[in-house]
Amino acid sequence: MPNWGGGAKCGACEKTVYHAEEIQCNGRSFHKSCFLCMACRKALDSTTVAAHESEIYCKTCYGRKYGPKGVGFGQGAGCLSTDTGEHLGLNLQQGSPKPACPSTPTNASKFAQKRIDVDKCPRCGKSVYAAEKIMGGGKPWHKTCFRCAICGKSLESTNVTDKDGELYCKVCYAKNFGPKGIGFGGLTQVEKKE
């Protein structure tokens with residue numbers, strides 16, 4: 001039967017999609033208003049869509065339905081997700097569900113042993129987490145602590161030097177630990193004449 005309606009059929013509502021309102025994904029056409037996640041109904045675009053055969057999902061729902069399962073496969077850094085996606089209409093449980101860990105620790109000392117050790121900042125002594133970590137002198141520092149020990153200037157990889165576990169800007173390092181004498185900033189021409 002010829003397609004007298006003009007355009008392709010929408011992959012979601014099966015109605016005609018005209019060129020001005022068309023979004024293509026995975027070889028199929030959709031209305032802009034029909035380009036929604038099949039699970040959570042969130043509006044999608046080319047950066048947030050994940051297609052599986054004839055279905056389209058947001059990346060979060062796609063990961064819940066088709067991504068890896070088990071401990072350590074959370075949605076974010078250091079996250080352990082127990083979200084099964086059932087509230088989104090996703091049936092993800094295969095076999096008997098097994099909890100990742102007990103809801104309350106049975107032995108407080110065992111629970112404390114499982115805590116991950118976090119690096120300590122040499123300047124303030126507090127924990128340095130990955131999101132705020134800057135390496136300098138072979139040690140982890142907070143972004144706010146990554147400053148010259150003498151002048152307090154904020155440091156970058158291009159102007160940092162270290163000595164005895166402390167950080168300095170190149171200017172302060174040269175003044176305090178660099179070579180001394182004429183031509184090195186230690187003596188000026190006026191001091192030489194006297």
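Predicted model: local features only at pLDDT ≥ 70, side-chain atom pairs only at ≥ 80, totals over all residues.
**Surface**
Next I asked how many of the residues count as buried. The figure is 23% of the 194 residues in the protein chain.

**Overall make-up**
I looked up the secondary structure. The protein chain has 4 helices and 12 strands. Then I turned to contacts with a separation of 6 or more. Residues 24 or more positions apart account for 16% of these contacts in the protein chain.

**A hairpin**
I went to strand β3, residues 22–25, and strand β4, residues 28–31. They pair in the antiparallel sense, over 4 bridges. Within this pairing, I found Gln24 opposite Ser29 in β4. β3 and β4 form a hairpin, with 2 residues between them. In the turn I checked Asn26, and its phi is positive, about 55 degrees.

**Cores**
Which residues touch the most other members of the largest nonpolar core? I found Phe35, Cys37, Leu44 and Ile56, out of 14 residues in that core. Strand β6, residues 55–58, gives the most to this core, with 3 residues.

I followed Leu44 further. Leaving out residues up to four places away in sequence, Leu44 touches Phe35, Leu36, Cys37, Val49, Ile56, Tyr57 and Cys58. Last, I noted a second, separate core of 11 residues. Among its members are Cys121, Val128, Cys145 and Cys148.

Technical notes
Residues numbered from 1 in each chain as written. Heavy atoms only, no water. Pairing = 2+ DSSP bridges. Buried < 20%, exposed > 50% of the residue type's maximum accessible area, 1.4 Å probe, protein only. Contact = heavy atoms within 4.5 Å. Core = buried A, V, L, I, M, F, W, Y, C linked by side-chain atoms within 4.5 Å.
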